[in-house]
Every structure is written in structure tokens, then in C-alpha cells.
Amino acid sequence: MAVVRWNDWEGHGLEHCVRIDTGNGLTLEGVVAGTRHGTYGGHYFVRADSAFRTREVRLEYVGGPLLHVESDGIGKWYDVIGNRELPNLADCIDVDIGITPATNTLPIKRLNLGVGESRDIAAAYVPLPDQIDGDFLPQRAQQRYTCLVPNQKYRYEGIFRNFKAELEVDEYGLVIDYPDTFRRTRLK
């Protein structure tokens, strides 16, 4: 088990996240009092299998919408609340929840990239509250991960929004520093 906290870059928001290795996968669970793109509160739960493929995602914004989706781990997604398949997420293996850096852990661990190696992926991106347009469901998002230093530093590229950042990670693959977005804070 690993317990971490992040602040947003300006130091106003706070997130508390627990990563638990279940023996046959891992879970990421956290609460966020965020200030990026407005103010909001949220609780998320992500379950992944032993190959770090996303299998379940729940996210609820305080006073706002609830999302609950499941995946078969090979790219077929299902909206549990709406009782429907999500064909727009076909072939997405990873989830990217916009309010947390915790979900960067999954593709970093799953891809197991060597130094200088890059891989493009399609992720199920869960938007911040101010980005929700219509149903509260993940959107397909093209991304790229490049290993700069194995198990320490990766370049993340959000191709879908023309964004790049170099992410420092710890031994669990959890982000330490995500420039201009999140930074790890000490637990007391």
C-alpha cells in the first residue's frame, strides 16, 4: 500500500490517494478538493488487473454527476449507470481522470517502456467538471508516453489537447512532480 498527497501547482487544492496492490491487480482511490478550472470536490475509485489494465472506474463530483464504467481490459467499455456499451472507447485500455495524476500510473506500469521508447495509446479521459458537455462519460483521448529514465521519469503527451509534461514518478509509478499541474506534498 502507498499513500500520497498532491497539491495543485499553486498550492491551493489537495488530493489524498491510496494505492493498494490487491495481489491480482491494484486499486487507486482518492479524494480531491480541486481548484484547477474552478473549484470542485470529487471522489474516485479505479480498479486495474495484474497487467495494469483498467477494469472499473467510479467518479463522483460533490453536488454533481456520478460516473461508473467498467472495461473488459482489452478495450470494450460499459456504462454501468446508463446500462449501455461505449463504442467510442473501443481499444482504450487505460483511464485518465483529469482531476488526478494517479491514473498516469496505469499506462506507465502497463507499457513497461525502455529508455527512449515511446508508445501511443488511446485512453478513456474523464473530464473536469467544467469540461462536461452532455452525459458524464469518458471521452477517447490520444496520448503518448516516452520513457526518459526507467521507473523514474516519463514524458506524457496529451495529443488530444496538445500538452506535454515530464513526469517524475516513485517506485510505485505514482507521480511526484507534474509540472504546472500537480506536485507531491509530504505526509506528516
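Asn112 sits in the loop that joins helix H1 (105-111) to strand E10 (118-126). Helices (H or I, at least four residues) and strands (E, at least two) are DSSP runs, numbered from the N terminus. The phi angle of Asn112 is near 50 degrees, a positive value in a residue other than glycine. Most residues other than glycine have a negative phi. Asn112 counts as exposed because its relative accessibility is 63%. Here buried means under 20% relative accessible area, exposed means over 50%, and partly exposed lies in between (1.4 Å probe, protein chains only).

The model is predicted: local features need pLDDT of at least 70, side-chain atom pairs count only at pLDDT 80 or more, and totals for chains, interfaces and linings use all residues. Residues are numbered from 1 along each chain as its sequence is written, and side-chain values use heavy atoms, with hydrogens and water left out.

The protein chain contains one helix and 15 strands. Its radius of gyration is 15 Å, close to the 16 Å that the globule rule gives for 188 residues, so the chain is as compact as a globular protein of that length. The radius is taken over C-alpha atoms, and the rule is 2.2 Å times the number of residues to the power 0.38. The C-alpha trace spans about 40 × 35 × 35 Å along its principal axes. Of the 188 residues in the chain, 49% are buried.

Strand E4 (residues 40-49) shows what a covered strand looks like: eight of its ten residues are buried. E4 pairs with strand E3 (residues 25-34) in the antiparallel sense over ten bridges. Two strands count as paired if DSSP finds at least two bridges between them. In this pair, Thr27 has Arg47 in E4 as its bridge partner. E3 and E4 form a hairpin with five residues between them, and His37 in the turn has a positive phi of about 60 degrees.

E4 also pairs with strand E5 (residues 54-61), in the antiparallel sense and over seven bridges. Val46 stands opposite Val57 in E5. The hairpin of E4 and E5 has four residues between the strands, and Phe52 in its turn has a positive phi of about 65 degrees. In a regular strand the side chains alternate between the two faces of the sheet.

Gly41 lies in E4. Is Gly41 buried or exposed? Gly41 is buried, with a relative accessible area of 18%. The C-alpha atoms of Gly41 and Tyr61 are 5.7 Å apart, although 20 residues separate the two along the chain. Not counting residues up to four places away in sequence, Gly41 touches Val32, Glu60, Tyr61 and Val62. Contact means heavy atoms within 4.5 Å.

At 38% relative accessibility, Arg140 counts as partly exposed. Its C-alpha atom is separated by 6.6 Å from that of Asn88, a residue 52 places away along the chain. Leaving aside neighbours within four places in sequence, the contacts of Arg140 are Asn88, Leu89, Ala90, Asp91, Cys92, Ala122 and Ala123. Over the whole protein chain, 43% of the contacts between residues at least 6 apart in sequence join residues at least 24 apart.

Strand E12 (residues 153-158) and strand E13 (residues 163-169) pair in the antiparallel sense over six bridges. Gly158 has Phe163 in E13 as its bridge partner. Four residues lie between the two strands of this hairpin, and Asn162 in the turn has a positive phi of about 55 degrees.

E13 pairs in turn with strand E14 (residues 175-178), in the antiparallel sense over two bridges. Here the bridge partner of Glu168 is Asp177 in E14. The hairpin of E13 and E14 has five residues between the strands, and Gly173 takes a positive phi near 85 degrees.

Asp180 is not a glycine, yet it has a positive phi of about 65 degrees. With a relative accessible area of 60%, Asp180 is exposed.
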